[in-house]
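Please read them alongside the coordinates.

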Amino acid sequence: MNHFPAFQAAPRIKRAVFRLVLITAALIIPVRMCIPATADTRPTLLLVPFTILSEGDSGFLETAVNRMLTSRLATAYQLLAADAAPLTTKAAARRAGTSHQADWVLFGTVTVIDAQVSTDATLLPLPDGDPVHFSRTGEKKSSVIPHIDALATVVIEAKNSRLAAVPEQGTQAPVKPLSTPGPAADHRPASVSGAVPAPAAVTREWKSRPLKEAVHALGTGDFTGDAKTDLITGSNHTLTGYTVDQEQLVKLFSYTEKNARALISCGILDADADGTPEIYAAWITRRNRIRSAVFHFSRDNKSLTPVKEKLPWLFRITTGPDGSPLLAGQKQDKLSGALSPDIYRLFWENGNLNAAPMDLPDTLQVTSFTFGPVNRTQETGILGLVAGQRLTAYAADGTKIWANGDRFGGTPLYLTHPDPTEPNEERHVYLRQRVVAGDLNADHIPDILVAQNTDMAGGFLARLKHFKDGRATVLSWTPAGLTPIWSSVTFSGYVSDVAIGDLDNDRKPEIIMAVVSGTGILGKDKETSLYRYTLN
């Protein structure tokens, strides 16, 4: 007796299933062959092999650079192979792209001198259009990898922007609406409108003589009243004023605050509109208190005259909602020693410095916020560094709308207050670095300038900050968010402060940064070099 009849039927079932599969395939395959293949709509990119300028053997680097570019761009473009002959001019690139019927041409150079690397590239749209220029520098050969990553991002965003700018057939090109800050405005970052900012390149660079101190704070403005831009610096105990004459720093005054542990903020502004700019300075005392003062500069004896002293404000001159300078302040809690949450707008009235509370997110410090663009439509909102040194954007009503995952800023300056979890112990509350808004590359789009320092402990040591290197970074809005368009060389040490000024008085904004190097934590055995960059 067969107890398993299903096993006898198995061959017949298999044959029936096999015939069914053949019949189905015969019906489906002709139908699929009648369906035309989907056309590849990706734009074409003529990728010209990058030129490698190096003292040694450049074969490996040339292969690596061009393979990295190919792998990063292959999903966004149809890549066309170009002749091995290098291209160095836009005219030659345009001719090569036209002969290959390309939509874009990418060519560039990687220069290696000793351990320093410079990556320079040009992306050319065809048949016409403004080229996109890219330039990055680094202090080690491996810097070429993040350079290529950043270049690929720019090249892909340029393509996305060009596609977004072309309206669909039969439709009208979108018109960017005007919006005003407020609860009724749409605060979501735009996804397709607006132009992608071109990567900026340095057209001029200047370095000061070394200053034999750790500079913690910078300020720019005209404190002498001669219609030229001056510079002030703050170190541990000293506030110093300079002018730049024939590319040299010329000291105009020096003011010493003997009770200071560190001078943490300084600035120049005619906040009372009397025609004489004030100099604002704030410091941390040896007893962990914030104190500040306001001065006038005397041209006769080249010294400072106090206007107001022993003030409780931590000053910051930043950019206001209308784009004009704003004098802001924050106080210290008398009991805990930490910063109080409220930030105030400071203004002069009848010779007194008055304060009005500002409606700002309580996650911000006065040292690190600015009003500026918070999306690609250039809508005005608030930008600042929050806990963890994350750059964050808020709508005008305080709604958080964007945050960056990278760490920015980084400073050894701190306040102390009792640790509630450990009796007789103190907790360090580190101050956050400045965030500056301004058009730095003359494209009429406000950019964001920040420092970016690398903490050797990765931020895990609550009571100690020691930085191995740092740089200044300029960011602008793209479809991916607030994206770097320029970075300085990465310096050994750290960038203690950044500012925007015009020290050569050519009416072009400049990036000004202080780089502190040497040993010690706050200022001992350290020196500072000031750098000035002009972007195109």
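**Notes on the predicted model**

1. Arg136 belongs to strand 6 (residues 132–138); helices (H or I, at least four residues) and strands (E, at least two) are DSSP runs numbered from the N terminus. With a relative accessibility of 10%, Arg136 counts as buried, where buried means under 20% relative accessible area, exposed over 50%, and partly exposed in between (1.4 Å probe, protein chains only). Contacts of Arg136, leaving out residues up to four places away in sequence, are Val117, Ser118, Thr119, His147, Ala150, Pro484, Ile485, Trp486 and Ser487; contact means heavy atoms within 4.5 Å. Between Arg136 and Ile148 there are 12 residues of sequence separation and a C-alpha to C-alpha distance of 9.5 Å.

2. On provenance: this is a predicted model, in which local features need pLDDT of at least 70 and side-chain atom pairs count only at pLDDT 80 or more, while totals for chains, interfaces and linings use all residues. Residues are numbered from 1 along each chain as its sequence is written, and side-chain values use heavy atoms, with hydrogens and water left out.

3. Strand 1 (residues 44–47) is covered on both faces: Thr44 and Leu46 are buried on one side, Leu45 and Leu47 on the other. In general, side chains of a regular strand alternate between the two faces of the sheet. Strand 1 runs parallel to strand 3 (residues 78–81), joined by 4 bridges, and two strands count as paired if DSSP finds at least two bridges between them. Leu46 is opposite Leu80 of strand 3. Strand 1 is also parallel to strand 4 (residues 104–113), through 3 bridges, and there Leu47 has Leu106 as its bridge partner.

4. Helix 2 (residues 59–73) has 15 residues, which at 1.5 Å a residue should span 21 Å; the C-alpha atoms at its ends are 21 Å apart, in agreement. The expected span is 1.5 Å times one less than the number of residues. Val65, Asn66, Met68, Leu69 and Leu73 are the buried residues of helix 2. They lie on the same side of helix 2, because the arc they cover around the axis is only 155°, the arc being that of the directions from the helix axis to the C-beta atoms. Exposed Phe60 and Arg67 are carried on the face of helix 2 turned away from its buried side.

5. Glu62 is another residue of helix 2. Its relative accessibility is 34%, so Glu62 counts as partly exposed. Leaving out residues up to four places away in sequence, Glu62 touches Phe50 and Ile52. Glu62 and Val110 are separated by 48 residues in sequence, with 8.6 Å between their C-alpha atoms.

6. An open sheet of 4 antiparallel strands has the order 8-9-10-11. Strand 8 (217–221) and strand 11 (248–256) are at the edges with a single partner strand each, so one side of each has no neighbour in the sheet. Neighbouring strands of this sheet are turned against each other by 20° on average, direction ignored; axes are lines fitted to C-alpha atoms, for helices over the stretch in contact, and angles run from 0 to 180 degrees between N-to-C directions. Strand 10 (residues 238–245) pairs with strand 11 in the antiparallel sense over 8 bridges, and Leu239 has Tyr255 in strand 11 as its bridge partner.

7. Another open sheet consists of 4 strands in the order 16-17-18-19, with antiparallel pairing. Its edges are strand 16 (314–319) and strand 19 (352–357); each has a single partner strand, so one side of each is left without a neighbour in the sheet. From one strand to the next the twist averages 40°. The antiparallel pairing of strand 16 with strand 17 (residues 325–332) runs over 6 bridges, and Ile317 has Leu327 in strand 17 as its bridge partner.

8. The largest nonpolar core has 32 residues, of which Phe315, Ile343, Leu353 and Phe369 touch the most other members. Such a core is a set of buried Ala, Val, Leu, Ile, Met, Phe, Trp, Tyr and Cys residues joined through side-chain atoms within 4.5 Å. Strand 18 gives the most to this core, with 4 residues.

9. Ser368 sits in the loop between strand 19 and strand 20. At 0% relative accessibility, Ser368 counts as buried.
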